Amino acid sequence: MTLPASFRDWFARQGWQPHPHQVDLLNAQGDGLLIAPTGGGKTLAGFLPSLVDLSRGPYRGMHTLYVSPLKALTADIARNLARPVADLRLNIRIEDRTGDTRPAQRARQRVDPPDILLTTPESLALMLSYEQAPAIFGGLKRVVLDELHALAESKRGDQLMLGLARLRTLAPDLTVTGLSATVEDPRSLAAFMGGARVINADPGPDPDIAMLPTARPAPWAGGGGHYAIPEVLAQIKAANTTIIFINTRAQAELFFQALWAANDENLPIGLHHGSLAREARQRVEAAMAAGQLRAVVATGSLDLGIDWGAVDLVIQVGAPKNVKRLVQRIGRANHRYNAPSRARIVPANRFEVIECVAALQAVAERDLDGDPRGPGPLDVLCQHMLLTACAGPFDADHLFHEVCGAGPYRGLSRADFDACLDFAATGGYALRAYDRWQRLMQRDGLWRLRDPRAARDLRMNVGTIVEAEMLKVRLRGRGGAPLGEVEEAFAASLEPGDSFLIGGQTVRYEGLREMVVEVTKQPTKQPKIAVFSGVKMATSTQLSHRVQALIGDPARHDILPDTTRDWLDLQARISALPRDGVLVSESFPHMGRWHFALYGFAGRNALQTLGLLMTRTMEDAGLGPLGFLSTDYALLIWSLDPVTDPAPLLDRDALRDGLGDWLAGNAVMKRSFRSAATIAGLIQRNLPGQRKSGRQATFSSDILYDTLRRYDPGHLLLRITADEARRGLVDFDRIEDMLNHSPQHDHRMLDRVTPLAAPLLLEVGRVPIAGQGRERLAEEEAAALMAEAGLA
Amino acid sequence: MTSYMFDFDGQSLQARPSGALFWPARRWLIVADLHLGKSERIARRGGALLPPYEVQATLDRLQAEIAATDPACVVSLGDGFDDDAARAALSDAVRERIWVMAQGREWLWISGNHDPAPVGAGLPGETHPEWRDLLTLRHEAGAGPDVSGHYHPCIRLAGERRRCFLIGSDHLILPAFGAYTGGLIAQDPALTRLVPDGLAVACASRAMAVPLQRSDAQPSRGRRNPAGRRF
């Protein structure tokens, strides 16, 4: 395909030259994956072949389908495409279709689809479940998958790839184009989309990235980064527009508050994170787009999204945790192609100083990290089967063949496929109780819904995003303004009078009314609590290995700041430095307790799991463990008696057994189960309006989990839950990686706190160990309540 | 002893940590809201295919209670079955199991809103809309004092929801005994209307009594559960 004269003229009139990768993609035969930095005209490149094709004359039916992870992005694309379409006088209808699209419009799109449809993975899955799907998509020529790197990180990507396999069956001539930011392994991303030619755009000049020099050194512990407020403020003043990325919502709230306290010139600064009310986020985004803000303090909620050309500086506060994400974040500064992005990093504590130095080296070497994707998850496949049945009867052999064409499922075994089909049809229980009430049944060799009315419920359950149960936060009083949301578990831990930060203001918890957290404003009081129990991201495996290697190699310590170098020198003299291939641990007494520090560098989730497993073994061994604490680098356990030999505690088989039986009853596992059970269609999502009716009729998924474990331990959903535990919150794979990466043990018995362990003692987030933990706490609370009421 | 002993309507009673009520003077074991056959009913109505083990799980627990208390009479305080059709769909093995559990004792089925019809000949025992004796037993609280179920009460203790007994001056409300039963929080208006103050006895490793608190007037508590917030 060549660029027609009218398009060349249009580029010339804009004063633009088509980028080489835009031309490449236009000439490409077959499926392609374009890897380009932000600002590289990626989206236009993705649409150019469609626009050229459609400029040749009207097309019957839908020509191009565009899928993006964000609803906001589809609206933005619609606006951006409108200009070339109008300038070139193309007769093209472009519409979006998301959860926000009005029912009348959706119905019309089913009968009369636009030339170009912009949508999300969930809306695509829904459309594919309609009986009219073959008619809607039968003539499809092109699919554009935007921000594919982000989609590939979650089950949304797996669902999208299953949908894509379906589209390829419905429209065999389809050409698929993936668009991605810079990733560590483009070929595996290409395999994820079912195979594609990789087109690499010019990555642009190296970024201007460095540590932000500060008057005070980073503190020993903590994650706030508040010591750098004056320097951050000075950077904001000097720049046009700044995005300040912070790792957690709670830290973002606290940093924002500290920044405001020091903001003498009243610079307009906004706050943006996932717990804020949508209205509040949209206000900030609009102000940002209009150039009214000088800075915005944000979490990962701004990792994707609309490009703001005016942003010329990114400040990362806290450890970057992941080099790839750091590079993508840096890319958000200076969206002009071929101009270097500017970024500054602020480590929050001494350990993070080392991580930041290691990350800067990795950026300079363009050595990106990323964990290899596991095989396509089976819960997503179960949902896909049920939705496929909603569209019409299917043949199991055909569907198996089709599913294997989806990148993540290319290695799927027929046995796993059949297990999923059995689950979707009968529930998949050892006790065959539902023969009369199967959801899918086979008739004339084809699988179909037993009761076609079930399609409605199944369609309402589309998607793979399972949120923690969130409660809205509102100011008390009639029509109180919504401030945001908090997790139900966090709300349950609040008591009237507690104050917490949300949306940059301190509020006082008043009570819970009809599943809404009611608060009042409390501007003066210091917040006691600022914890959202969100998932904390762990430092990537590759970056952790870099940090471990850097600490263990004194010859390279000259690139570290003086204070850090002195600290590590002292550690080397008093104890030992963690180093590549060696798992260093220490036992020492402190405040009347023995402490055991293990420098595992396995990320906070894996080290927390290891803490749970090791303290259990210590309890069995009679060492009297009292509690533990985990960071991204180290695990600290305190106990009545010392650990003198860590090897038995780190026995791989014993740890695996512990994961199998004891940890299986853990709340983290129950959370994984709930998510898998929801995606697979065993339990329905809580739909809006349903919750008010009270919980009398509904019951917790924990009960289902416990029942299955007891009566049907081989059930598919338990297998899926155990698979998930290898990654994510439980992250058992990283424990195994730690044992493989550092096979040698170096344990030191010492008489006092070591330099490397000292900051750990200052960290928050201690987990108390009590043989009968929860029961004992409940008893204490019950006793206290009775005493207070004068009843005991 | 891990039960909680108390007096209600002139009778000495035991709230057992399982959620069953034991009446020592008569040696009656009273359980509310078994909801046997719930997963079958949901499947029949085209809903989810839940793990079909809740009958087994509920009867396992009931059997343990019978073994522990050796009651002269077992009382199902209404909603023993999730509906009448679910009762009809019980397997022969389950019926047989209930017959064995009923051997050497009486069985009294109080009708509930889910299971209004008499149990018939396929199961042991008699069905009554309510039972008036030294205590009044009925499914849904009426003119007190009475002992009832229906609401599946629960409370939050140390950040966790637990099934509970509600003990007021007019009403004693039992928690649901069935495996697949949710709960209605004790602070819900439907429950505060019946039991405005009194005690909640939570089902935990032992039966734990706590004073009932209104959601809008909770006294401040000194302790909280640090572990509860981590996950």
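Which residues in helix 23 of chain A meet which residues in helix 24 of chain A? From helix 23 come A:Leu613, A:Arg616 and A:Thr617, and from helix 24 come A:Ala654, A:Leu655, A:Gly658 and A:Leu659. Keep in mind that this is a predicted model. The predictor puts the complex at an ipTM of 0.85 and a pTM of 0.84.

**Confidence**

- Chain A has a mean pLDDT of 86, with 90% of its residues at 70 or more.
- Chain B comes in at an average pLDDT of 87, and 90% of its residues score at least 70.
- In chain B, the stretch to watch is residues 215-231, where pLDDT stays under 50. The model still lists 44 contacts for residues 215-231 of chain B beyond four places in sequence.

**Overall build of chain A**

- Chain A carries 30 helices and 26 strands.
- Its domains run as follows: domain 1 covers 5-200, domain 2 covers 208-364, domain 3 covers 378-460, domain 4 covers 470-521 and domain 5 covers 576-775.
- Between the C-alpha centres of domain 1 and domain 5 of chain A there are 43 Å.
- The C-alpha trace of chain A spans about 80 × 70 × 60 Å along its principal axes.
- For 792 residues, a compact globule would have a radius of gyration near 28 Å, and chain A agrees with that at 28 Å.

**Overall build of chain B**

- Chain B has five helices and 16 strands.
- Along the principal axes, the C-alpha atoms of chain B fill a box of roughly 55 × 45 × 30 Å.
- With 231 residues, the compact-globule value for the radius of gyration would be near 17 Å; chain B has 18 Å, which agrees.

**Two helix pairs in chain A**

- Back to the opening pair: helix 23 (residues 604-620) and helix 24 (residues 652-660) of chain A pack at an angle of about 105°, with their axes 10 Å apart.
- On the helix 11 side, A:Ile229, A:Pro230 and A:Leu233 make the contact, meeting A:Ala258, A:Leu259 and A:Ala262 of helix 12.
- The contact of helix 11 with helix 12 of chain A has six nonpolar residues, no polar ones and no charged ones.

- As background, most residues other than glycine have a negative phi, and most peptide bonds are trans.
- A:Lys321 isn't a glycine, yet it has a positive phi of about 70°. You'll find A:Lys321 in the loop between strand 12 (311-317) and helix 14 (323-330) of chain A.
- Over in chain B, the peptide bond from B:Gly144 to B:Pro145 is cis, with omega near -5°. B:Pro145 sits in the loop between strand 9 (136-138) and strand 10 (146-148) of chain B.

Methods:
Residues numbered from 1 in each chain as written. Chains lettered and ligands numbered in written order. Predicted model: local features only at pLDDT ≥ 70, side-chain atom pairs only at ≥ 80, totals over all residues. Contact = placed C-beta atoms within 7 Å. Helix = DSSP H or I, 4+ residues; strand = E, 2+ residues; numbered from the N terminus. Nonpolar A, V, L, I, M, F, W, Y, C, P; charged D, E, K, R; others polar. pLDDT = per-residue confidence, 0-100. Domains from an automatic or database assignment. Rg over C-alpha atoms; globule rule 2.2 N^0.38 Å. Axes fitted to C-alpha atoms, helices over the stretch in contact; angles between N-to-C directions.
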